[in-house]
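Biologist: I have a structure open and would like to learn how to read it feature by feature. Could you take me through it?

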Amino acid sequence: GDVAVLVPAAGAGIRLGPGAPKALRPLAGEPLLVHAVRRIAGARSVHTIVVAAPVADVPAVQELLAPVAPVTVVPGGAHRQDSVAAALAAVPAGPEIVLVHDAARALVPAELVESVAAAVRSGHDAVIPVLPVVDTVKEVCADEVVRGTVDRSVLRAVQTPQGFRRSVLAAAHAAAVDPLTDDAGLVEKQGVPVVCVPGSEYALKITRPFDLALAEHLLTVRP
Ligand code: C5P
């Protein structure tokens with residue numbers, strides 16, 4: 001395998017309601033992070049997995065993942081971007097393709113991991129999986145009055161894993177100033193073209209209680 005996968009899993013996940021850090025919330029009896037790591041490890045090209053866990057949970061996460069796959073666990077940071085940077089710093093020499101995958105996208109198919117990695121391998125420096133936007137999208141003012149309607153045909157909803165040539169991701173993180181919510185955003189700021197590939201509905205981000213219920217159902221359809 002020529003691929004390292006970084007898994008930021010250090011977020012609190014307040015939008016899911018009170019409880020454990022989001023990546024450790026149970027889905028069908030197992031933490032989201034366990035589902036995510038098992039699927040990532042099932043992708044043939046994956047050589048290294050580095051998880052960024054909440055500082056207080058590093059030993060527990062190491063124990064949790066040991067039976068699932070060989071992983072390195074590092075303490076995460078205050079923002080997602082800090083957690084990704086910490087994980088990137090722990091990747092050994094070797095893998096030249098680095099993917100970043102949110103633990104919250106617990107049902108990511110191994111095929112999506114492979115297709116993003118393959119697009120990087122074929123020569124693209126930065127690759128993101130996307131879906132078309134199905135809802136009509138409005139821009140609103142502070143008082144919730146509509147300012148206008150956005151042309152959704154040019155919009156894409158972005159998922160993870162996002163894939164990068166290793167040197168490109170490292171340079172983008174080294175140059176980063178303001179925290180962004182995704183790694184492709186940092187790479188864009190460096191002027192690097194970011195290429196879209198088809199995403200998967202199974203890679204939904206489990207953010208709210210509704211998503212958790214949907215994910216439980218999806219697991220019964222396609223374990
Ligand atoms: O909060 P949000 O859903 O955007 O988080 C996306 C991913 O980033 C989650 O997997 C979360 O655990 C991770 N994260 C992190 N470190 C933080 C904040 C979020 O690893 N400080």
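Modeller: Let us begin with burial: a residue is buried if 20 or more other C-beta atoms lie within 10 Å of its own, exposed if 12 or fewer, and partly exposed in between, with C-beta atoms placed from the backbone. Helices (H or I, at least four residues) and strands (E, at least two) are DSSP runs, numbered from the N terminus. Residues are numbered from 1 along each chain as its sequence is written. This is a predicted model, in which local features need pLDDT of at least 70 and side-chain atom pairs count only at pLDDT 80 or more, while totals for chains, interfaces and linings use all residues.

Biologist: Then let me try a helix. How many of the 10 residues of α1 are buried?

Modeller: Eight of them are, so α1 is mostly covered. The buried residues are L32, L33, V34, H35, A36, V37, R39 and I40. Their cover includes β1 (3-8), β2, β3, β4 (46-53), α2 (58-65) and α4.

Biologist: Which residues does A36 touch, beyond those up to four places away in sequence?

Modeller: For that we need contacts: two residues are in contact if their C-beta atoms, placed from the backbone, lie within 7 Å. A36 lies in α1 (residues 32-41), and it touches V7, H101, A103, R105, A106 and V108. A36 counts as buried because 29 other C-beta atoms lie within 10 Å. Separation along the chain can be read as well: A36 and P59 are 23 residues apart, and their C-alpha atoms are separated by 18 Å.

Biologist: Now α4. What span does it reach, and what is expected?

Modeller: The expected span of a helix is 1.5 Å times one less than its number of residues. Helix α4 (residues 110-121) has 12 residues and reaches 16 Å from its first C-alpha to its last, close to the expected 16 Å.

Biologist: Which residues of α4 are buried?

Modeller: L112, V113, V116, A117 and V120 are the buried ones. They sit on the same side of α4, because they cover an arc of only 130° around the axis. That arc is taken from the directions from the helix axis to the C-beta atoms. The general idea behind the pattern is that an α-helix has 3.6 residues a turn, so residues three or four places apart point the same way. Just after α4, G123 takes a positive phi of about 130°.

Biologist: How do β8 and β9 pair, parallel or antiparallel?

Modeller: Two strands pair if DSSP finds at least two bridges between them. β8 and β9 have four bridges and are antiparallel, with V140 opposite V146. They form a hairpin with five residues between them, and E144 is in the turn. V146 is exposed, because it has 9 C-beta neighbours inside 10 Å. Leaving aside neighbours within four places in sequence, V146 contacts K138 and V140.

Biologist: Which strands does β7 pair with?

Modeller: β7 (residues 126-132) is joined to β11 by two antiparallel bridges, with V127 partnered by G163. With β12 (residues 195-198), β7 pairs in the parallel sense over four bridges, and V130 has P198 as its partner there. β7 also pairs with β10 in the antiparallel sense over three bridges, where V130 stands opposite V158.

Biologist: Where is the cis peptide bond?

Modeller: It runs from T160 to P161, with omega near 10°. P161 is in the loop between β10 (156-158) and β11 (162-165).

Biologist: Last, the ligand. How many residues surround it?

Modeller: A residue is near a molecule if its C-beta atom, placed from the backbone, lies within 6 Å of it. Here 18 residues surround the ligand, and the closest are P8, A10, G11, S83 and D102. By class, the shell has eight nonpolar, seven polar and three charged residues. Ala, Val, Leu, Ile, Met, Phe, Trp, Tyr, Cys and Pro count as nonpolar, Asp, Glu, Lys and Arg as charged, and the others, Gly among them, as polar.
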